[in-house]
Amino acid sequence: MQRERWRCGVLPSWIMGIVLGLSSLSVVAQASPERMTLAHVQVQAGDDPAWADPAFDDRDWPEVALHEVEPAGPIFWLRGRITIDPELLASGRPIGARFLALASCQLFWDGAWLGDNGTVGTSASTERPGAIDWLVPLPASVEPGVHTVALRCSAHRRGFEPMTGFYVFWIGDYLSLADAGRWHATQTLLSAGGLWAIGLFYVLTFALARRSRSHLWLGLLACASGALVIVESLRALVGYTYDLHIWRLSLITALAWAINALLLAFVTGRYPLSGRRRFLLVTHGILLASLALPSYDAKSAGLFLVGLSASFGWTVRAVRRGWSDAGYAIAGLALCLLVGVWQQQAFLDYFLFFTLSLLCLFLLVSHILADGRERREHAATELRSARLEIELLRRHLQPHFLMNTLTALAEWFEEEPEVASAMVEDLGRELRILADVSKQSSIPLGQELALCRSHLAVMARRRDEVLGLDAEGVDETASIPPAVFHTLLENALTHNAYRGEPASFRLREDRRDGTRVLTFDAPHRPRAGTDDPSTVREGTGLRYVRARLRESYGDRFTFDDGPTTAADSRPVWRTVIRLPLESGGAT
Amino acid sequence: MRVLVVEDEAVVARRLRRLIGEILGSDLERLDVIDHLGDAIDRVFETPYDLVFLDLSLHGDDGFDLLRHAVSGAFHTIVVSAHTDRALEAFELGVLDFVPKPFGRDRLARAIGRARGQGPSPRRLRQLAVRRAGQLTLVPIEQLVYVRAADDYAELHTADGRVLLHDKTLAKLEALLPEPFERVHRSYLVDLRRARRLESEPGSRYRLVLADGTDIPVGRTRVAALRKRLV
């Protein structure tokens, strides 16, 4: 049933993932409409209007691939030749030029001025920055054949030394050049919207429903991924002047860092394995180191490579330690790594929103599974506590205790009413303490001792025995799960006959090496016939004690018991409970 | 009357001792108190008690094992227990009464009255425990055809022809055996569901013929009542 339900929840996520995947591939597929590219240019520093002339002899200018052009002076010129295919003009549709560069420029087409992108200047103060993505229509009269393109440029306001300041120069169908980013933008917005919806949901769940930190990390991770997807596509979505490009790149790097830091926080928080602090310290160190890589693209790639592979390693460890639901996270991380390695160049430009969406989906699935598991475990713990409470109370409502006590009371009332009154008081005190403590998972040792003493008082009168408890030197303020020693006392009283000679129980506390050692000695004088129901009750009694200790201390306690000889050479049944000393346990 | 009290709670044992003494008065020949049955069971069977008060915690099965042994004895067994939820089972095993804790003098007096043949008996026995050489044999009541007195014992005659000797007297078994069993003669208890006809013999003597052909003598004083039941 449980598995079925999860599968139902996972199915929509898969469908969404597949849709996102296909749509991103369609972007890649239609990314190259009919267009001509200016691949190489001649570069010359200086400024001369004659350089716009197609007849100008630029043979002594150095030729450089466009994307390797460096600004050669305060103002510099690029000259190149581009061939217009007759087919492009056949449709009669307007054609245009699209220029992507970190520069302001003036474009001359066959010597004629075609347009200004910003204002070219000799210094930062005289230059007005142009759009990083500039589209300009070509004259309707343009003919097929070779044309001269001259670009008068200045690039004083880049703010950094980019690996490449000039990206591309295209001639093509004007409308399809203008539309090129539309598809991309649509899907960017779609996936960013999805990521933000997931992100907000989990951030709010954390803030309002007080859920675990994993909710917060996953929420912020999805929000940051949505933001990165948007910022990556900002050029196509809104356009901006080239001087702002450094801010966009810085933002991308910051977001890439945030995403990977959050990813690490999520996987280490979701799957808390040992050595978490050291792992985070080392990985964050490498993350910071990758910020020193030379280009912004390399920085982002480094951050993702470190973050994804470290998270991958961590989740693989988690699966090995039994967190089977971490498998989904592994699948998502592996997919991202594969796409990253396979498409190193296109990763940030085309695959980012696809992989980030998919990664978030996979993390979401593993988070939902783990969250469900944790909730079931939590419910089981609560149920266990409730059961222990009931068990403790029932032991005092069970006929053997209650009816024998009442019968003894009846006898005292008829024979020695004062003793009966005192016994009623003791019984009242015991039941009152019991009602107080049974709901709690831990109580002060002093309260436990009071419970034991009132029980001994009742039993001493009921059994006509002299019973005492010596707990000298124990720390009465330290905590202990309720009715642990009370139960041990009950067991001892069931198994032993203390008639004739006073019986003194003894509790001692020792603290060493971060451990609290509680030693409980019960005088060992077994009854002749152990055919009582005691064999059954011993089992439930000790089970109760162990369950209570486990509830408070997990596996960090030990419980041993057995017969031995006390310091005064009397036989005792000794129970030794070792608890961790730090406050971590019973709270 | 010779009485044994088996009770491990000191004050409860004291209460039983005191109340039994008060109720039986001079009829009390002997009163022993032990705190558990366990290994002492054989000694208990050797002592000629008339009545045993037994505190068994009937919570586990051990209590019932002991009880099965106890009810095979010559004495009547009265259970004094906190576990009232198992009273019916105890009755089916053959205890004469079940006194729930806590108890007062009146309730205890009623139980002792039953043991002395006063007041109604429970008659809810479902199986009879028979001790033979320390071993217990359980005889379901459906298997029992009739019971014949044999000195201080009783012969159980079963449908498959077996004859087993029970430690209890016929009078004690009469107090325990359920309704269809009828005392037809000083020495006979018969399951009337198995009776076919009542025949008279010369000398105004009567006999009951059972389905399997067995003849059971019928006491003269019991004929009228028996005839009424058989019609």
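User: What makes A:C153 count as buried?

Analyst: A:C153 has a relative accessible area of 0%. Buried means under 20% relative accessible area, exposed over 50% and partly exposed in between, with a 1.4 Å probe and protein chains only. The value lies under the cut-off, so A:C153 is buried. The model is predicted: local features need pLDDT of at least 70, side-chain atom pairs count only at pLDDT 80 or more, and totals for chains, interfaces and linings use all residues. Side-chain values use heavy atoms, without hydrogens and water, residues are numbered from 1 along each chain as its sequence is written, and chains are lettered from A and ligands numbered from 1 in the order in which they are written.

User: Why is strand β6 of chain A called largely enclosed?

Analyst: Six of the six residues of β6(A), residues 104–109, are buried, so the rest of the structure largely encloses this strand. (Strands are DSSP runs of E with at least two residues, helices runs of H or I with at least four, numbered from the N terminus.) In a regular strand the side chains alternate between the two faces of the sheet. In β6(A), one side carries A:S104, A:Q106 and A:F108 and the other A:C105, A:L107 and A:W109, all of them buried.

User: How do you know that β6(A) pairs with β9(A)?

Analyst: Two strands pair if DSSP finds at least two bridges between them. β6(A) and β9(A), residues 145–154, have six bridges in the antiparallel sense, and A:F108 has A:A150 as its bridge partner. β6(A) also pairs with β7(A), residues 112–117, over five antiparallel bridges.

User: What makes α11(A) and α12(A) roughly antiparallel?

Analyst: The axes of α11(A), residues 399–415, and α12(A), residues 417–438, cross at roughly 150° and come within 6 Å. Axes are lines fitted to C-alpha atoms, for helices over the stretch in contact, and angles run from 0 to 180 degrees between N-to-C directions. Angles under 35 degrees count as roughly parallel, over 145 as roughly antiparallel, 65 to 115 as roughly perpendicular and the rest as oblique. The crossing angle is over 145, so the two helices are roughly antiparallel to each other.
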